[in-house]
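Okay, thanks for making the time, everyone. Let me put the model up on the screen, and then I'll walk you through it.

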Amino acid sequence: PKSSRSNSIDTIRNICSSIQTLQQLDLSDNTLEELPSDLCQLVQLEKLICENNRLTSLSNNFEQLKHLK
């Protein structure tokens with residue numbers, strides 16, 4: 001059963017260049033199979049929530065997110 005907050009997002013593309021100051025991103029309860037490496041452009045990101053998706057791995061590029069807690 002899906003959460004009531006689910007959007008059933010299955011792909012994220014081309015959003016990062018316009019929101020580089022974003023500090024929190026909640027992608028929970030969707031159908032994402034991967035996170036695009038351009039999320040690493042979110043250099044101010046402190047919190048990334050992506051539970052309850054179909055993720056199997058993360059790119060090493062996420063190490064660039066120095067503020068991520």
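By buried I mean under 20% relative accessible area, with exposed being over 50% and partly exposed in between, using a 1.4 Å probe and protein chains only. Serine 28 sits in the loop between E1 and E2, and its side chain makes a polar contact of 2.8 Å with the side chain of aspartate 26. A polar contact here is a pair of N or O atoms within 3.5 Å; within protein, one must be able to donate a hydrogen and the other to accept it, and residues adjacent in sequence count only if both atoms are side-chain atoms.

Before I go on, the caveats: this is a predicted model, so local features need pLDDT of at least 70 and side-chain atom pairs count only at pLDDT 80 or more, while totals for chains, interfaces and linings use all residues. Residues are numbered from 1 along each chain as its sequence is written, and side-chain values use heavy atoms, with hydrogens and water left out.

Now the overall picture. The protein chain has 0 helices and 2 strands; those are DSSP runs numbered from the N terminus, helices being H or I with at least four residues and strands E with at least two. Of its 69 residues, 30% count as buried. The chain exposes about 4900 Å², and carbon and sulfur atoms supply 42% of that, with areas from the Shrake-Rupley method, a 1.4 Å probe, and only the protein chains shown counting as cover for residues.

Aspartate 29 lies in the loop between E1 and E2 and is buried, at 10% relative accessible area. Asparagine 52 also has a positive phi of about 60 degrees, and it isn't a glycine either. You'll find asparagine 52 in the segment after E2, and at 52% relative accessibility it counts as exposed.

On to charges. The structure holds 1 salt bridge, meaning a side-chain nitrogen of Lys or Arg within 4 Å of a carboxyl oxygen of Asp or Glu. Glutamate 46 pairs with lysine 69, with the closest N and O atoms 3.9 Å apart. That pair links distant parts of the chain, 23 residues apart: glutamate 46 is in the loop between E1 and strand E2 (47-49), and lysine 69 is in the segment after E2. Glutamate 46 is partly exposed at 28%, whereas lysine 69 is exposed at 81%.

Last stop, the inside. The largest nonpolar core has 12 residues, among them Ile12, Leu25, Cys40, Leu48 and Phe62. The rule for a nonpolar core is a set of buried Ala, Val, Leu, Ile, Met, Phe, Trp, Tyr and Cys residues joined through side-chain atoms within 4.5 Å. What does leucine 48 touch, leaving aside neighbours within four places in sequence? Leu25, Leu27, Leu35, Phe62 and Leu68, where contact means heavy atoms within 4.5 Å.

That's my tour, so over to you.
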